[in-house]
Amino acid sequence: MRFQHSAPVRAAFPDLVAGVVVATGISPDVSVGARVDELTGRARARLAGGTEAGLPEIQAWRRAFAALGLKPTQYRCASEALLRRLRIDGDLPRLHPLVDLCNAISVAYAVPVAVLDSDRITGDLTVRHARGDEEYVTFGGGVERPEPGEVIFADAEGRAHARRWTNRQSGWSAVHAETSRVLIVAEGLHATAAADVAGLLDTLRAELAAHWSAPVAHALLTGAAPAFDVPSRV
């Protein structure tokens, strides 16, 4: 499998920095509560100075969504949606240890993080503009067709694993109790994205090692290195 952003997406968003991690040996039988609390505590400290809308990481995604013709307050990037929920509800939902950790890392860095069951992805995964004939499966099992031109995560089979770029993942490749192999993608557009996404990758790799002893492969993707060839075994 190769993970990449298409040339048109890269051209439209030249400041994009992505971090990619592949891990195996994931299971749901670990306790991550203490680390989740610590990471969400970092996010609460940032929110104490104002709402998530004022963070530079979120402002960059709002500008990107507006450039794509999306109303930023209607369609929020994943990290903004999580930060908003944390601010309003005081906590984040608990779903699966790895998802919980990645959500906590996402709010700590204010950077969207997608966690995908890699066994549910066919062939290469490309962040590209939709043709409109791709298939997106919701968490409720419904099927949607992305709008032509919408940025999606698309595999070789024409399945959309995320809609509106970092707005909403698909239920098709969501992590579940039987998930063992995962592809994790973090994306930033703000001025310090290169350093911040690199730091996020370091945090994520440390958590995977501490909780799962998970073998990992990773890469930091920029305009100079826009693709990552996912190893068949790590």
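Reply: A quick definition to start with: a residue counts as buried when its relative accessible area is under 20%. Keep in mind that this is a predicted model. By that cut-off A60 is buried, because its relative accessible area is 5%. A60 belongs to helix α3, which covers residues 56-67. Leaving aside neighbours within four places in sequence, A60 is in contact with L189 and H190. The C-alpha atom of G188 is 8.1 Å from that of A60, though the two residues are 128 apart along the chain.

G188 also takes us to the sheet, as strand β10 spans 182-188. The sheet is open and has four strands, ordered β3-β10-β2-β11, with antiparallel pairing. At the edges you'll find β3 (113-117) and β11 (216-221), each pairing on one side only. On average, neighbouring strands here are turned by 15° against each other, direction ignored.

Now zoom in on β2, residues 17-23: six bridges tie it to β11, and the two run antiparallel.

Two helices to look at next are α5 and α6. Helix α5 (residues 97-109) packs on the sheet by touching β3 and β10, and its direction makes about 160° with that of β3. Helix α6 (residues 193-212) packs on the sheet too, touching β2, β3, β10 and β11. The direction of α6 makes about 15° with that of β2.

How values were computed. Residues are numbered from 1 along each chain as its sequence is written. This is a predicted model: local features need pLDDT of at least 70, side-chain atom pairs count only at pLDDT 80 or more; totals for chains, interfaces and linings use all residues. Side-chain values use heavy atoms; hydrogens and water are left out. Two strands pair if DSSP finds at least two bridges between them. Axes are lines fitted to C-alpha atoms, for helices over the stretch in contact, and angles run from 0 to 180 degrees between N-to-C directions. Contact means heavy atoms within 4.5 Å. Buried means under 20% relative accessible area, exposed over 50%, partly exposed in between (1.4 Å probe, protein chains only).
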